[in-house]
Amino acid sequence: MTEVTVFIRESDVLARFVKLNDYVIHVNPIVANGEMPHRRWDVLLADIGFKSARENLDVTQSLRYYFRVGRYCDKCMFVIPDNNQDGREYADKLYAFGELIRKNDVIRDFARKHTWILPLHGTTMFIFYVTFCEELRSMGIDCVYGLPSLRTTVSIYNLDLVEKGRVKFELIDCSKKPEVCVYYNVLKYNEIIKMDKEARFHAMGCNMNLFATYVRNQLFSRVISMDTMSYRRAPDNSLKTHGKYMCTDPKQCWDWFNVWIRKAINRDPIVPRSHVLF
């Protein structure tokens, strides 16, 4: 049996596993955007959310949220505070996060209890990412790399940016351009595993196509877990009720997740489109 670990919205977790053909899907909860868990869990994922990453939420604010969430899980997975717009601002944020851990015993002890996901934004900062993740591990902190799979990012240069020593990130919508998204995530994955022999990955925000690709393409054998909210939008037109395409209660959302996961498992992996920019 192939085991797959998936995180879905906390309120939608009505069972902890689903069996499909030769797969066992382990289902765990995720909270995001300031939400607090409603009960204690053995495993839980928390993310500050896309809006906070875009608006460059302060690292200290993010950690305060994670400290509160940490009371509700034996082992949490936390997304390291990120910035998906600007390379320098993201590097500065990671430096600030690292400094807090190095200098604050309370934060360092907290970090050691959990797993931290380092989002791989852009296509030029791989040495920096590997150095950062390895430093966390040297302090006894579990670090895995995050593959953005709702909107992946590529590094963008122009003359003005180069003169200012800056790199911007261009967002690619993975639902509209799945082949392009997979192409760049393959690039990120391969660059990281060349430099980090212990690298493991978490796929962030998978749609059905990318989920199938991570599960069924052996290239991504180091992807240990995924999260998704995609199932909350009707995975089949026949599931819409009164014209509504979003699930409205936990039972409906759980049923839709079961349909979604069945369709995803049976899909063919996406073939990356090569020789493209975006």
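These questions and answers cover a helix pair and some salt bridges in a predicted model.

Trainee: Are the axes of α8 and α9 roughly parallel, roughly perpendicular or oblique to each other?

Mentor: Helix α8 spans residues 208-216 and helix α9 residues 250-265, and they pack at an angle of about 55 degrees with their axes 8 Å apart. Angles under 35 degrees count as roughly parallel, and 65 to 115 as roughly perpendicular. The two helices are therefore oblique.

Trainee: Which classes of residue make up the contact of α8 with α9?

Mentor: From α8 come M208, F211, A212, V215 and R216, which meet W260, I261, K263, A264 and I265 of α9. By class, no polar residues take part; the contact has eight nonpolar and two charged residues.

Trainee: Which residue forms a salt bridge with R200, and where is that partner?

Mentor: R200 lies in the loop between α7 and β10, and the pair links parts of the chain 58 residues apart. The closest N and O atoms are 2.4 Å apart. The partner, in strand β7, is D142.

Trainee: Which residue meets D74 in a salt bridge?

Mentor: D74 is in strand β5, and its partner sits in the loop between β3 and β4, 34 residues apart. The N to O distance is 2.8 Å, and the partner is R40.

Methods: Residues are numbered from 1 along each chain as its sequence is written. This is a predicted model: local features need pLDDT of at least 70, side-chain atom pairs count only at pLDDT 80 or more; totals for chains, interfaces and linings use all residues. Side-chain values use heavy atoms; hydrogens and water are left out. Axes are lines fitted to C-alpha atoms, for helices over the stretch in contact, and angles run from 0 to 180 degrees between N-to-C directions. Helices (H or I, at least four residues) and strands (E, at least two) are DSSP runs, numbered from the N terminus. Angles under 35 degrees count as roughly parallel, over 145 as roughly antiparallel, 65 to 115 as roughly perpendicular and the rest as oblique. Contact means heavy atoms within 4.5 Å. Ala, Val, Leu, Ile, Met, Phe, Trp, Tyr, Cys and Pro count as nonpolar, Asp, Glu, Lys and Arg as charged, and the others, Gly among them, as polar. A salt bridge is a side-chain nitrogen of Lys or Arg within 4 Å of a carboxyl oxygen of Asp or Glu.
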